[in-house]
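Thanks for coming, everyone. Please have the sequence and the 3D view open while I talk.

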Amino acid sequence: MSLLKPIKIGNIALKNNLILAPMAGYTDLPFRRIAFECGCGLAPSEMVSVKGLIYNNVKTNNLMAIHDIESPSCVQLFGSNPDDFARVAGDGLLEKFDIVDINMGCPMPKITKNGDGSALMSDRTRASAIVSTLVKSGVITTAKVRLGIDDNMGALDFCKSLEEAGVSAITVHGRTAKQLYTGVADWESIGKIASKMKIPILGNGDVSEDNALERLNIYPIAGLMIGRNALSNPEIFNQLANSTTHTARNLQNIILRHIEYSKEYYENEQFIVHKLRKHFAYYLRNIDATKQTKLQILRANSLMEIKNAIESIGIY
């Protein structure tokens, strides 16, 4: 039986069990569009503030935009007040999304200082109330968590409490909040949690083309969530699904599409150039070009300069 297969989250069917990780500043609409074209089963949005939705914040509302290709669609919310989640669900602000994911894993101080993100792992009652509030509103709810705050001793109990509250799936990132993004993801702990849960558990942390299938084979997880390695190579989803290999030609075509999709979605060219630079820092890891050409792309001040530099590589 294939390790890559369709899965269901609640009553929502995904074409496969490979999911793009939500990453602030990266998984905007243009990149999610790329990820779906490259074969992912689901691509949650960047983190969206529940309070931002309540106060009709323009930036927050922009993060809620989705493309027709996003089917099923998923928004990731962060916050820590169950009443706020009840309000956005009751006001119909989540209706266009098939799945709502709750961020209970972000370890960054600007998020945790307000009790959001991974800070929720120290307040099981509040975290469960957020889930049950959404579930009672008819929202298919998932959560993304860490192994814990300082250690992984309470991660299983925390996930069990979310399961009891009605969550449909949980993604477990194999690091504690204290680790941030350093060290090596602990897949043994992810596997132990998955073995004790009834709902689908997705594994996240250091997933690459080289280890993805092995991890699906070894650990009792339902699927994989792929982050940084999808930024450098969005083709990873099709590569894993179809046993194909990465090509520089395909990646350069993806970059050119990413530019065009960004132009469709954003209006200000300088904003696009600065936003794309972060993506190029990842893309260029897999492109064989001179240091001078790479610097030319990263330092470009216009989209035309970027395109010219990419085309100068000569194999796109």
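Let's start with E264. E264 is exposed, because its relative accessible area is 56%, and the cut-off for exposed is over 50%. Keep in mind that this is a predicted model.

What does E264 form a salt bridge with? The partner is R33, and the closest N and O atoms are 3.0 Å apart. Now place the two ends. E264 lies in helix α12, residues 248-265, while R33 lies in helix α1, so the pair ties together parts that are 231 residues apart in sequence. Is R33 buried or exposed? R33 counts as buried, at 13% relative accessibility.

Side chains of opposite charge can pair when their charged atoms come close.

How many salt bridges are there? The count comes to 10. Let me show two others. K263 forms a salt bridge with E260, with the closest N and O atoms 3.6 Å apart. Both K263 and E260 lie in helix α12. They are three residues apart, about one turn of the helix. K263 is partly exposed at 40% relative accessibility, and E260 is partly exposed at 30%. K307 joins in as well: E260, K263 and K307 are linked in a network of salt bridges.

The other one is R126 with D123. Their closest N and O atoms are 3.3 Å apart. R126 is partly exposed, with a relative accessible area of 34%. D123 is partly exposed too, at 29%.

On to the rings. A pair of aromatic rings is described by the distance of the centres and the angle of the planes. The structure holds five aromatic pairs. Take W187 and Y219. Their ring centres are 5.8 Å apart and their planes are at 40°, so the pair is tilted.

Compare Y265 and Y266. Here the centres are 4.6 Å apart and the planes are at 65°, so the pair is edge-to-face. Y265 is partly exposed, with a relative accessible area of 27%. Y266 is buried, at 16%. F271 belongs here too: ring pairs link Y265, Y266 and F271 into a cluster.

Rings can also have a charge over the face. K278 lies over the face of Y26, at 5.0 Å from the ring centre. R146 lies over the face of Y181, at 4.8 Å from the ring centre.

M108, L180 and Y181 form a nonpolar patch on the surface. Together they have about 250 Å² of accessible area. Look at L180 in that patch. L180 is found in the loop between β8 (169-173) and α8 (187-195). L180 is partly exposed, with a relative accessible area of 33%. Its backbone deserves a look as well. Phi of L180 is near 55°, a positive value in a residue other than glycine.

D206 is another case. D206 is not a glycine, yet its phi is positive, about 60°. D206 lies in the loop between β9 (201-204) and α9. D206 is partly exposed, at 28%.

One more backbone feature. Which residues does a cis peptide bond join? S71 and P72, with omega at about 5°. P72 sits in the loop between α3 (58-63) and β5 (74-78).

Last stop, two buried residues. A43 lies in the loop between α1 (29-37) and β4 (47-49). A43 counts as buried, at 1% relative accessibility. Not counting residues up to four places away in sequence, A43 touches L20, R32, F36, E70 and C74. A43 and P22 are 21 residues apart in sequence, and 7.1 Å apart in space, C-alpha to C-alpha.

Then S161, in helix α7, residues 155-165. S161 counts as buried, at 10% relative accessibility. Leaving aside neighbours within four places in sequence, S161 is in contact with R124 and S128.

That's my tour. Thank you.

Definitions and conventions
Residues numbered from 1 in each chain as written. Predicted model: local features only at pLDDT ≥ 70, side-chain atom pairs only at ≥ 80, totals over all residues. Heavy atoms only, no water. Patch = residues over 30% accessible without salt bridge, like charges linked within 9 Å, V, L, I, M, F, W, Y side chains within 5 Å. Areas by Shrake-Rupley, 256 points an atom, 1.4 Å probe, with all protein chains shown as cover. Salt bridge = Lys/Arg side-chain N within 4 Å of Asp/Glu carboxyl O. Helix = DSSP H or I, 4+ residues; strand = E, 2+ residues; numbered from the N terminus. Buried < 20%, exposed > 50% of the residue type's maximum accessible area, 1.4 Å probe, protein only. Contact = heavy atoms within 4.5 Å. Phe/Tyr/Trp six-rings, centres within 6.5 Å; stacked < 30°, edge-to-face > 60°. Lys NZ or Arg CZ within 6 Å of the ring centre and 35° of its normal.
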